[in-house]
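Where does each part sit, and what does it touch?

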Amino acid sequence: ELGDRYVWFAQCLADKKAVFYGAYWCPHCAEQKEMFGRQAMKKLPYIECDRRGQDAKPELCAQKKITGYPTWDFSDGSRLNGTQPLETLADKSGCELPKEEVKE
């Protein structure tokens, strides 16, 4: 099941203090979430910036000067804007991506 494949990758991002800021209405955020899958999203440190969204933290987003979605912040103080390939997130965080399943 693909949805479970990135669970530990998401957990690693959380452990490394990477943070994904977004808004529920943002198509690029939806695209980013789909890359991880539903199970992994439960582990991913996602911050909802629109006050109408679920568990929203608009004050935190303002404090962090989030101006677009998705935005990724990393523990080294660096930031990436826009939908990121999982490979890029792996490189930035030092988390290993699960290998493609090899079909026999």
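Helix α2 is followed by Gly 37, whose phi is positive, near 90°; helices here (H or I, at least four residues) and strands (E, at least two) are DSSP runs, numbered from the N terminus. The model is a predicted one, in which local features need pLDDT of at least 70 and side-chain atom pairs count only at pLDDT 80 or more, while totals for chains, interfaces and linings use all residues. Residues are numbered from 1 along each chain as its sequence is written, and side-chain values use heavy atoms, with hydrogens and water left out.

Within α2, which spans residues 27–36, the buried residues are Cys 29, Gln 32 and Phe 36, where buried means under 20% relative accessible area, exposed over 50%, and partly exposed in between (1.4 Å probe, protein chains only). These three cover an arc of only 60° around the axis, which puts them on the same side of α2; the arc is that of the directions from the helix axis to the C-beta atoms. An α-helix has 3.6 residues a turn, so residues three or four places apart point the same way. The face of α2 turned away from this buried side carries the exposed residues Pro 27 and Glu 34. What covers the buried residues includes α1 (7–15), β1 (19–22), α3 (38–41), β3 (71–73) and α5 (86–93), with contact meaning heavy atoms within 4.5 Å.

Phe 36 also belongs to the largest nonpolar core, which has 22 residues, and those with the most contacts inside it are Phe 9, Leu 13, Phe 36, Leu 44 and Trp 72. Such a core is a set of buried Ala, Val, Leu, Ile, Met, Phe, Trp, Tyr and Cys residues joined through side-chain atoms within 4.5 Å. The elements that give two or more residues to this core are α1, α2, α3 and α5, and α1 gives the most, with four residues. Leaving aside its neighbours within four places in sequence, Leu 13 is in contact with Ala 18, Phe 36, Leu 44, Trp 72, Leu 89, Ser 93 and Cys 95. A second, separate core of six residues includes Val 19, Ile 47, Cys 49 and Cys 61.

The structure also holds two salt bridges, each a side-chain nitrogen of Lys or Arg within 4 Å of a carboxyl oxygen of Asp or Glu. In one of them Arg 52 pairs with Asp 50, the closest N and O atoms being 2.7 Å apart; Arg 52 is exposed, at 62% relative accessible area, whereas Asp 50 is buried, at 11%. Asp 73 forms a salt bridge with Arg 79, with the closest N and O atoms 2.6 Å apart; here Asp 73 is buried, at 13%, and Arg 79 is partly exposed, at 32%.
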